[in-house]
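Reader: I've got a model open and I'd like to learn how to read its features. Can you walk me through it?

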Amino acid sequence: MEVKIEESWKLLLADEFEKKYFIELRGFVRKEYKTHKIYPPAKLIFNAFDQCPFDKLKIIILGQDPYHGPGQAHGLCFSVNDRVAFPPSLRNIFKELKNDVGKEIPQSGNLIDWAKQGVLLLNATLTVRANQAGSHQKKGWETFTDAVIHKIDEEKEHVVFILWGNYAIQKGKLIDQNKHLVLTSVHPSPLSASRGFFGNHHFQKANNFLIKNNLKPVKW
């Protein structure tokens, strides 16, 4: 299975794709798609990269696992396909967005428009078995996505890293905070959102940082 990924990322990550762990991961993922129902569809595994070429990247939002229910996952963290009900975390993201920048809650939970403006919507694990949360964790995806974060940190300046929840916040140690802006808060999940996600103003803070560094803000 050749890795089908947007060209700028393919070049940047070429060495990673040749490493032993990734070759083993690729074999595992290929077998899983043959023997189980896996999300997202195989052609969308690298959708976050395909929609946000490296040279356009300005902001990265880090999730953990793809959604594991039917029709939800399409390769962008927190995002769902058109005409799919909002998962609770996404609903809370839209509530904070309205509170922060006044944007009305949209009809669709598809965040592809953010991606096209330079927001990399990256899950730490890029695949999952249907109805089995976390089933593809610790198989090599985290090594790969940590390498992605490290490359972004090294190769770019003035990127906004948005880290929600303890899992994402731990990735902060991979990032040079003298070069980049790191925004952290509790996760938008209903279990924690009221303890500091609501009112974090991350959307506004991200845009203010971009403007300060002569970069175009995102139309959230």
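Author: Leaving aside neighbours within four places in sequence, Ser135 is in contact with Asp65, Val128 and Arg129. Before we go on: this is a predicted model, where local features need pLDDT of at least 70, side-chain atom pairs count only at pLDDT 80 or more, and totals for chains, interfaces and linings use all residues. Residues are numbered from 1 along each chain as its sequence is written, and side-chain values use heavy atoms, with hydrogens and water left out.

Reader: Where does Ser135 lie?

Author: Helices (H or I, at least four residues) and strands (E, at least two) are DSSP runs, numbered from the N terminus. Ser135 lies in the loop between strand S4 (128-129) and helix H7 (141-155).

Reader: Which backbone oxygen does the side chain of Ser135 reach?

Author: That's a polar contact: a pair of N or O atoms within 3.5 Å, where within protein one must be able to donate a hydrogen and the other to accept it, and residues adjacent in sequence count only if both atoms are side-chain atoms. Here the Ser135 side chain reaches the backbone oxygen of Gln132 at 2.7 Å.

Reader: Let's move on to helix H7. Is Val148 buried or exposed?

Author: Buried means under 20% relative accessible area, exposed over 50%, and partly exposed in between (1.4 Å probe, protein chains only). Val148, whose place is in helix H7, is buried because its relative accessibility is 0%. Setting aside neighbours within four places in sequence, Val148 is in contact with Trp9, Leu13, Phe49, Leu120 and Leu122. Take Leu122: 26 residues separate it from Val148 along the chain, while their C-alpha atoms are 9.5 Å apart.

Reader: What about charged pairs: how many salt bridges does the structure hold?

Author: A salt bridge is a side-chain nitrogen of Lys or Arg within 4 Å of a carboxyl oxygen of Asp or Glu. The structure holds 5 salt bridges. One of them joins Lys20 and Glu24, at 2.7 Å from N to O. Both residues lie in helix H3 (residues 20-35), 4 residues apart, about one turn of the helix. Lys20 is exposed because its relative accessibility is 62%, whereas Glu24 is partly exposed at 46%.

Reader: How does the bridge between Lys19 and Glu16 read?

Author: Their closest N and O atoms are 3.1 Å apart. Lys19 counts as partly exposed because its relative accessibility is 40%, while Glu16 is buried at 8%. At 52% relative accessibility Glu104 is exposed, and Lys98 is partly exposed at 38%.

Reader: Last one: what volume does the largest pocket have?

Author: On a 1 Å grid over the protein atoms alone, a pocket is an open set of points where a 1.4 Å probe fits, with protein on both sides within 12 Å along at least five of seven lines; lining residues have an atom within 4 Å of a point. The largest pocket has a volume of about 450 Å³. Of the 25 residues that line the largest pocket, the closest to its centre are Asp65, Tyr67, Phe78, Ser89 and His187.

Reader: Which helix gives the most to the lining of the largest pocket?

Author: H8 does, with 3 residues. S2, H5 and helix H8 (166-169) each supply at least two residues of that lining.

Terms used. Points joined across faces, edges and corners; volume = space filled by probe spheres on them. Contact = heavy atoms within 4.5 Å.
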